[in-house]
Amino acid sequence: AARPSPVHLLTLADLTAGQIHELLVSSAQHKRDAKHTDKPPPQPLRGKTMAIMFSKRSTRTRVATESALAYLGAHGMFLGSQDIQLGVNESLLDTSIVVSSMVDGIMARVYGHEDVETLARHSTVPIINALSAKYHPTQLLADLLTLHESATNSLTPTSDYSAHKTHPSKTLPGLRVAWVGDGNNILNEMLVSMPKLGVHLAAACPNGYTPDPDVVQIAKEDGKRTGAEVLLTTVPEEAVKSADVIVTDTWVSMGQETEKQRRLKDFAGYQITMDLARRGGANSGWKFMHCLPRKPEEVDDEVFYSDRSLVFPEAENRKWTILAAIDALLVRGRF
Ligand code: CP
Ligand code: NVA
């Protein structure tokens with residue numbers, strides 16, 4: 001019989017709210033089992049291999065993927081752009097045909113989003129987008145899990161872990177998230193996932209750095225269905241008004257290094273500080289998130305290392321959410 005075509009994770013725009021909820025529930029269950037019970041790691045992927053094909057650097061996504069694969073019993077094979085014939089001596093098409101013939105899944109970090117789409121079109125095994133210039137789906141899964149954990153009080157060291165006991169459809173809708181920064185892959189991924197889950201999203205980006213119009217369109221349509229408000233502005237104070245969470249990222253994404261000087265100038269006034277949150281009228285209990293790696297220009301140390309900052313649990317959650325995504329696609333073959 002013909003092999004069923006594989007299911008890929010290229011962006012959360014392709015998933016329903018229910019499918020995203022399922023991934024979050026599964027992430028919380030895995031996290032609880034691994035950290036708060038004596039259960040041995042399940043090994044459903046024993047003897048399987050996942051290629052981790054990365055054209056750009058990575059700390060979190062790579063460590064999350066390799067450690068999640070070990071937990072599931074699979075081998076993670078890291079293939080950096082210096083190591084394999086990726087887009088240099090061999091086309092991406094030929095590479096994907098060859099690699100997918102020998103492994104059971106591919107985690108791919110690429111420059112243009114069309115590269116990961118090409119991989120998915122020709123691969124016989126599931127592809128997970130580990131970051132492209134347009135989207136970063138596994139980051140948003142971690143961010144949503146972190147918001148859910150924060151809402152269920154699962155992040156304080158003294159509290160019991162209870163995130164797996166509450167459904168995210170009870171905790172996420174109505175949250176107010178503010179973005180102050182570049183209209184980049186992280187904001188794009190927030191726009192295609194948060195309004196769909198009923199999360200209000202206000203984003204301040206300087207002129208010339210606004211998110212992709214097709215992505216804004218998706219956000220507005222999702223928001224109409226769920227009641228989530230979507231606001232785009234160039235004024236940081238406007239975006240943080242009534243925010244429960246303020247989020248940012250680097251002003252210079254990988255591949256934009258030559259634009260650094262111009263970008264630092266164009267983002268003047270966009271640094272996240274306690275004063276910005278006060279001036280804009282964020283909620284008194286506002287939290288801070290950042291996908292990392294972080295530079296001080298976009299958020300000062302006072303906020304970054306404060307009690308408001310969720311950045312380190314957010315980074316750890318890359319592991320539990322990538323684990324859930326691999327479990328869905330490689331073990332069950334569906335979301
Ligand atoms: N947040 C994130 O994707 O980090 P890395 O680039 O270190 O993987
Ligand atoms: N926007 C950043 C995210 C890094 C995880 C980049 O693309 O470099």
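Mentor: Let us begin with Cys 291, of which a polar backbone atom is 2.9 Å from a nitrogen atom of ligand 1. The model is predicted: local features need pLDDT of at least 70 and side-chain atom pairs count only at pLDDT 80 or more, while totals for chains, interfaces and linings use all residues. Residues are numbered from 1 along each chain as its sequence is written, chains are lettered from A and ligands numbered from 1 in the order in which they are written, and side-chain values use heavy atoms, with hydrogens and water left out.

Trainee: Which residues surround ligand 1?

Mentor: A residue is near a molecule if one of its heavy atoms lies within 4 Å of it. For ligand 1 these residues are Ser 58, Thr 59, Arg 60, Thr 61, Arg 109, His 136, Gln 139, Cys 291, Leu 292 and Arg 318. An N or O atom in the side chain of Gln 139 is 2.9 Å from a nitrogen atom of ligand 1, and a polar backbone atom of Thr 59 is 2.7 Å from an oxygen atom of this ligand. Of the 250 Å² of accessible area (Shrake-Rupley method, 1.4 Å probe) that ligand 1 has on its own, the protein covers 96%.

Trainee: Which residues are around ligand 2?

Mentor: They are Leu 131, Asn 184, Asn 185, Asp 249, Ser 253, Met 254 and Leu 292. A polar side-chain atom of Asp 249 is 2.7 Å from a nitrogen atom of ligand 2, and a polar backbone atom of Met 254 is 2.8 Å from an oxygen atom of the ligand. The protein covers 94% of the 270 Å² of accessible area that ligand 2 has on its own.

Trainee: What is the volume of the largest pocket?

Mentor: A pocket is an open set of points on a 1 Å grid over the protein atoms alone, where a 1.4 Å probe fits, with protein on both sides within 12 Å along at least five of seven lines; lining residues have an atom within 4 Å of a point. Its volume is the space filled by probe spheres set on the points. Here the largest pocket has a volume of about 740 Å³. It is lined by 39 residues, of which Leu 131, Thr 250, Val 252, Ser 253 and Met 254 are the closest to its centre.

Trainee: Where is Leu 131 found?

Mentor: Leu 131 is in the loop between strand 4 (127–129) and helix 5 (137–151); helices (H or I, at least four residues) and strands (E, at least two) are DSSP runs numbered from the N terminus. Most residues other than glycine have a negative phi, and most peptide bonds are trans. Leu 131, although not a glycine, has a positive phi of about 130°. The peptide bond from Leu 292 to Pro 293 is cis, with omega near 0°. Pro 293 belongs to the loop between strand 9 (287–290) and helix 12 (301–304).

Terms used:
A polar contact is a pair of N or O atoms within 3.5 Å; within protein, one must be able to donate a hydrogen and the other to accept it, and residues adjacent in sequence count only if both atoms are side-chain atoms.
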